[in-house]
Structures are given as C-alpha cells and as structure tokens.
Amino acid sequence: MTVLLKLEQINAFYGSAHILHDLDLTVNTGERVALVGRNGVGKTTVVNTILGLATMRSGQIHLGSYALKNPRPYVAAQHGVVVVPQGRRIVANLSVEENLLLGAAVGRKGPWNLPEIYKLFPILQERAHTSGTALSGGQQQMLAVGRALMANPSLILLDEPTEGLAPVIVDQLADIFNLVAAQGTALLLIEQNMSLVVRVAERYCAMAKGAVVAQGRVENTRESLVDLENHVMV
Ligand SMILES: Nc1ncnc2c1ncn2[C@@H]1O[C@H](COP(=O)(O)OP(=O)(O)O)[C@@H](O)[C@H]1O
Ligand SMILES: [Mg+2]
C-alpha cells in the first residue's frame, strides 16, 4: 500500500482566520475515501490547502513521496492529485473540448485522452464545440470530472460533485466514480449525500471544527448510512 496523499498536523488559514487545526488525513493507492462533515467545518479548505489557495502555516503535505513545500494547483496535478472543485468552475469562454484539453495541459501522460473521455461521457462528444457553460448542471459536472481525468491523476478530490443535481444524474455519477475507481484511480469524495457515500466509499473521515475527529469503514448498508448521517449531524 503506497501513500498518494498525506496531510500531517496541518494548520491552515485564510488571512488571520485559523480554519484547519492539526488536521491529519491519508489516502493510499486505489482507495475510495469519503470526507464528510457539516457545512463550514473546513472540507473545502482541505482541498484549498493542497492547491495553495489557503495558507498552510504548519504541518506537512506529501504527494506520494514528494514533500510539498509550496502548494500550487499545477504542482498537485504534476504529482497525480487533481481536484474537481466545488461549483465545477467550467471556463466560460472555452468549448467543452477546450475545457477537457485544459485538464491534459496541467497533467501527466496516461490512459485518459479525448476518445476515452468521450466513450465515458458520449454527451460531451455531442456537445464538444459548444461553450462549456452552455451545458446543464449535470453535464457541467461530467465535464469537470472529464477534465480531471484528462490529467491522468492517481487521486481525484471531488468536492461536493452532486450538489444541486437531480437524483438520476447523481446515479449516473455514482456509476462513473465506481468505474473510475475500479480502473485504479483513488478518490477522495467530499459529499453531503450519504446514500452516495455508501455506494462509492470504503472508508470515511469525519470532520468537525477544522479537524478529522472520527474515521471508520463504510459498507453499502442501512447501518452504515445511519452511522455516517450521525457523524454529519453532530
Ligand atoms: N476565502 C475565505 N476567507 C475567509 N474565510 C473563509 C474563506 N472560505 C471559507 N472560509 C471559512 O472557513 C470555514 C470553512 O469553510 P469551508 O472549508 O468552505 O467549509 P466546508 O467546505 O466544510 O463547508 C468557514 O467558516 C468559512 O466561512
Ligand atoms: Mg465546501
């Protein structure tokens, strides 16, 4: 088992606001980990710290064996860690295909390329030359996932990928996440929809007040669902 991402004793800030407190989190090769917790506990700040969008004042981040001293989005991508950001952030002035190529530009060589992404999401091929932001919310999320895959990551961080989407789209995305994971890409799934978490994740880390306060295994069962929902409600 190799470490893809290891955060140790992270203290992170926005300006003088101290958001993450001695946070520890590890994702290993091929794992599917859910990061859960109420709104405002700091889940997105974990992602932002890895990308350098929040300031790490102490602690250590490792991307594989690489000690990350100066976090930047492209540095994470070069070391195989790619983010599907909360709110998707599709580039408005670019076509669907150009958005996908942007993912490849920052990433690594590997099995994912335009034809493979179009096999996974045929709708993106149909709409390849329309503006990325002309897509529906669900299609934009597919584009954001496709763009991340184009970087050939070993780990994808998915920040609330199903927020605001219809149940039928959430089902499609769950299948896609499982397929991507089955092909060996590790996932860190930040999610409020616990029925999605039990379908995709095998382990969870629960956050409160800027730290990971509980961890455990996830099963696709009613008991696991109730257990997870309790962690998010405390
Ligand atoms: N850019 C920012 N500047 C200052 N405070 C922020 C910023 N972004 C988020 N916060 C604060 O940091 C805390 C954690 O936010 P966030 O990581 O977005 O939580 P979550 O993703 O778990 O909902 C919240 O109290 C939020 O108000
Ligand atoms: Mg968030």
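**Exercise 1. In which helix is the place of Leu114?**

Solution. Leu114 belongs to helix 4, residues 114-120. Helices here are DSSP runs of H or I with at least four residues, strands are runs of E with at least two, and both are numbered from the N terminus. Residues are numbered from 1 along each chain as its sequence is written, and chains are lettered from A and ligands numbered from 1 in the order in which they are written. The model is predicted: local features need pLDDT of at least 70 and side-chain atom pairs count only at pLDDT 80 or more, while totals for chains, interfaces and linings use all residues.

A residue is buried if 20 or more other C-beta atoms, placed from the backbone, lie within 10 Å of its own, exposed if 12 or fewer, and partly exposed in between. Leu114 has 16 such atoms, so it is partly exposed. Its C-alpha atom is separated by 9.2 Å from that of Ala104, 10 residues apart along the chain.

**Exercise 2. Describe the shell around ligand 1.**

Solution. Start with the members; a residue counts as near if its C-beta atom, placed from the backbone, lies within 6 Å of the molecule. They are Tyr14, Ala17, Ile19, Gly37, Asn39, Gly40, Val41, Gly42, Lys43, Thr44 and Thr45.

Then sort them by class. Ala, Val, Leu, Ile, Met, Phe, Trp, Tyr, Cys and Pro count as nonpolar, Asp, Glu, Lys and Arg as charged, and the others, Gly among them, as polar. The shell has 4 nonpolar, 6 polar and 1 charged residues.

Last, assign them to elements. Strand 2 (17-28) and helix 1 (43-51) each give at least two residues, and helix 1 gives the largest share, 3 residues. Helix 1 is largely enclosed by the rest of the structure, because 8 of its 9 residues are buried. Among them are Lys43, Thr44 and Thr45. After helix 1 comes Gly52, with a positive phi near 85°.

**Exercise 3. How do helix 3 and helix 6 pack, and what covers helix 6?**

Solution. First, the geometry: helix 3 (residues 96-106) and helix 6 (residues 137-149) have axes 6 Å apart, at an angle of about 35°. Axes are lines fitted to C-alpha atoms over the stretch in contact, and angles run from 0 to 180 degrees between N-to-C directions.

Second, the partners, where contact requires C-beta atoms, placed from the backbone, within 7 Å. Val96, Asn99, Leu100, Leu102 and Gly103 of helix 3 meet Leu143, Gly146, Arg147 and Ala148 of helix 6. These contact residues divide into 5 nonpolar, 3 polar and 1 charged.

Third, the cover: 11 of the 13 residues of helix 6 are buried. They pack against strand 6 (81-84), helix 3, helix 4, helix 5 (122-126), strand 7 (155-159) and helix 7 (167-182).

**Exercise 4. Is Ala201 buried or exposed?**

Solution. Ala201 is in the loop between helix 8 (194-200) and strand 9 (203-208). The count is 28 other C-beta atoms within 10 Å, so Ala201 is buried. Beyond its neighbours within four places in sequence, Ala201 contacts Arg32, Val33, Ala34, Leu189 and Val218.

How values were computed
Two residues are in contact if their C-beta atoms, placed from the backbone, lie within 7 Å.
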